[in-house]
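Please look over the structure below before reading the points.

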Amino acid sequence: MASTMLSLVSAALPLQENHKGKMNLGSSDCSTFLRKEKRNPFMKTKSFGRINMAIAVNTSRFEGVTMAPPDPILGVSEAFRADNSLMKLNLGVGAYRTEELQPYVLNVVKKAENLMLERGENKEYLPIEGLAAFNKVTAELLFGAGNPVIEQQRLATVQGLSGTGSLRLAAALIERYFPGAKVLISSPTWGNHKNIFNDARVPWSEYRYYDPKTVGLDFDGMISDIKAAPEGSFVLLHGCAHNPTGIDPTPEQWEKIADVIQEKNHIPFFDVAYQGFASGSLDADASSVRLFAARGMELLVAQSYSKNLGLYAERIGAINVVCSSADAAARVKSQLKRIARPMYSNPPIHGARIVANVVGDPALFNEWKEEMELMAGRIKNVRQKLFDSLSAKDKCGKDWSFILKQIGMFSFTGLSKVQSENMTNKWHVYMTKDGRISLAGLSLAKCEYLADAIIDSFHCVS
């Protein structure tokens, strides 16, 4: 911020009486002052009659820094909070809400935190790679206890700052050790994926994924684009509950995707943000990752516990790299630590202990699975109610069954940018402009209102 100081020259210079008894600025002193003033690049002078005024302008060194645009996802919440409508709905951010649309802290999380207090655990720095107990349980949760990649020590696991931070570590690893390699990203994808690779200076391109005609998976286009990519590319895949579409490949399609990636010598790179939260089953939601690992493929997997444990603010996740040998895994882990050290030094401990306590304790682990099933079940009920409401209210006969075929907390409505804006401007429904809505922020009581908004926007706005 630039600041401006206004000062009178006469306040700084002596006054002299002239022959008419009037006071003038001393000419010699004034000349000296103005000579000094000319040497100051931040000083400007203006003349007002017989008084010179000096204006000192302190120009910011950050004048060249432009205003960044608002985040397309987080900006939705800011606009929602500024709306005073009683009917408003925030379906933008992917955060679970109760039927009363309130944030939810899992009971197992509270119990895990009580355990930490009872044990009187300290707040010392963690190692760069994170909490050992967390790294152990997160790898077992993802690949399954006793998986050969774990038993043979072919897995490098490093605790990261949730999914975003874990993806960023992997992107830095790619940039450093696979120069020029391209990352293939689904079209569409989570809004932050492109930011992460752009920031790491890793080139990327898109492969076809969403088919607007069917509001389903463009599987042929996806396979064709993966085949056409340069050999040795990284293929970013959503392990389950694709964001933003909610459209996942079938088990048979996953097999075909793995075939093509192996044929092209590509490296699969999974983003797993919803394990257990998509279907309600931890094992089912990890099946795609385990399929690729079982084939002996080297791969990367980013994990997040924001959704399935509701640890949004704890920023807890991991980057896992499956290698062909224990020696390679040890070297990869050492370089991930080297990247993390100047980036954030070491990760936070609170969320890591929560995960370690929950996953590592059989009683808490079983209770967690029950809570996940309840959360996933509420979203499934909302999804069904929204479909029923749309089908009953829409007199034009549109097929809304794609909503039931999608999975996870999101639904890709097929609404255009203009139609999505109508949802917000007319109906006070806040959502991203690509037509994605978060069913986790919807209650059964609001389904009919949302159906009215969608039908109006779809049929009346072009």
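1. A residue is called buried when its relative accessible area is under 20%, exposed when over 50% and partly exposed in between, with a 1.4 Å probe and protein chains only. In helix H18, the buried residues are Cys447, Tyr449, Leu450, Ala451, Ala453, Ile454, Ile455, Asp456 and Ser457. Among the elements covering these buried residues are helix H15 (362-393) and helix H17 (417-427).

2. This is a predicted model; local features need pLDDT of at least 70, side-chain atom pairs count only at pLDDT 80 or more, and totals for chains, interfaces and linings use all residues. Residues are numbered from 1 along each chain as its sequence is written, and side-chain values use heavy atoms, with hydrogens and water left out.

3. A cavity is a set of points on a 1 Å grid over the protein atoms alone where a 1.4 Å probe fits but cannot get out; lining residues have an atom within 4 Å of a point. The count is one cavity of 30 Å³ or more. The largest cavity holds about 40 Å³ of space, and its lining includes His238, His242 and Trp254.

4. A pocket is an open set with protein on both sides within 12 Å along at least five of seven lines. The largest pocket holds about 1000 Å³ of space. Of its 50 lining residues, Val93, Gly94, Ala95, Lys307 and Tyr312 are the closest to its centre.

Conventions: Helix = DSSP H or I, 4+ residues; strand = E, 2+ residues; numbered from the N terminus. Contact = heavy atoms within 4.5 Å. Points joined across faces, edges and corners; volume = space filled by probe spheres on them.
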